[in-house]
Amino acid sequence: MSDCLFCRIAAGSVPSAKVYEDDMVYAFKDIDPQAPLHVLIIPKKHIQSVLQAGGENAPYVAAMMDAARKIAKDAGVDESGFRLVMNTGADGGQTVDHLHAHLLGGRSLGWPPG
Ligand code: AMP
Ligand code: ZN
């Protein structure tokens, strides 16, 4: 989708700080980091949210999880721990309508979230 910010980031037409890429996913640093490590992992296909992430799109979710494990290990937070978050819809705080997982780590994270 040419009017989708994260589609444009995945395509390289909007600049981003790349952390990881493979055939199915792209990952980059969040522009407003909430932790020392704050990476966004997105599918290269436009999928709006978790609500559209099943069926034929499920392999993209699996690829996002594979990427999360690699990124966490490369960043050295696999043993200290980290959090994966997929905000969904208005109450979930989703502001970009392209499926994304926040990978947060590098500090002790509070619970429950706000
Ligand atoms: P959410 O609120 O869950 O939809 O997450 C959207 C995230 O995208 C927020 O954490 C923003 O800081 C981040 N964001 C928005 N624009 C950019 C951008 N151009 N580059 C990197 N991260 C961005
Ligand atoms: Zn998109």
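## Ligand contacts

An oxygen atom of ligand 1 lies 2.8 Å from a side-chain N or O atom of Asn 87. Another pairing puts a ligand 1 oxygen 2.7 Å from a polar backbone atom of Thr 95. A nitrogen of ligand 1 is 3.1 Å from a polar backbone atom of Ile 31. The protein covers 82% of the 500 Å² of accessible area that ligand 1 has on its own; areas come from the Shrake-Rupley method with a 1.4 Å probe, and for residues only the protein chains shown count as cover.

This is a predicted model: local features need pLDDT of at least 70, side-chain atom pairs count only at pLDDT 80 or more, and totals for chains, interfaces and linings use all residues. Residues are numbered from 1 along each chain as its sequence is written, chains are lettered from A and ligands numbered from 1 in the order in which they are written, and side-chain values use heavy atoms, with hydrogens and water left out.

## The shell and the pocket

Ligand 1 is surrounded by 16 residues, each with a heavy atom within 4 Å of it. The closest are Asp 30, Asn 87, Thr 95, His 100 and His 102. By type, the shell holds seven nonpolar, six polar and three charged residues. Here Ala, Val, Leu, Ile, Met, Phe, Trp, Tyr, Cys and Pro count as nonpolar, Asp, Glu, Lys and Arg as charged, and the others, Gly among them, as polar.

Ligand 1 takes up the space of the largest pocket. A pocket is an open set of points on a 1 Å grid over the protein atoms alone, where a 1.4 Å probe fits, with protein on both sides within 12 Å along at least five of seven lines. A molecule sits in a pocket if more than half of its atoms lie within 2 Å of its grid points. Two elements give two or more residues to the shell: α1 (5–11) and β2 (25–29). The largest share, three residues, comes from α1. Helices (H or I, at least four residues) and strands (E, at least two) are DSSP runs, numbered from the N terminus.

## His 102

His 102 belongs to strand β5 (residues 101–105). His 102 counts as buried because its relative accessibility is 12%, and buried means under 20%. Its side chain makes a polar contact of 2.8 Å with that of His 38. Such a contact is a pair of N or O atoms within 3.5 Å; within protein, one must be able to donate a hydrogen and the other to accept it, and residues adjacent in sequence count only if both atoms are side-chain atoms.

## A cis peptide bond

Trp 111 and Pro 112 are joined by a cis peptide bond, with omega about 5°. Most peptide bonds are trans. Pro 112 is in the segment after β5.

Technical notes. On a 1 Å grid over the protein atoms alone, a cavity is a set of points where a 1.4 Å probe fits but cannot get out, and a pocket is an open set with protein on both sides within 12 Å along at least five of seven lines; lining residues have an atom within 4 Å of a point. Buried means under 20% relative accessible area, exposed over 50%, partly exposed in between (1.4 Å probe, protein chains only).
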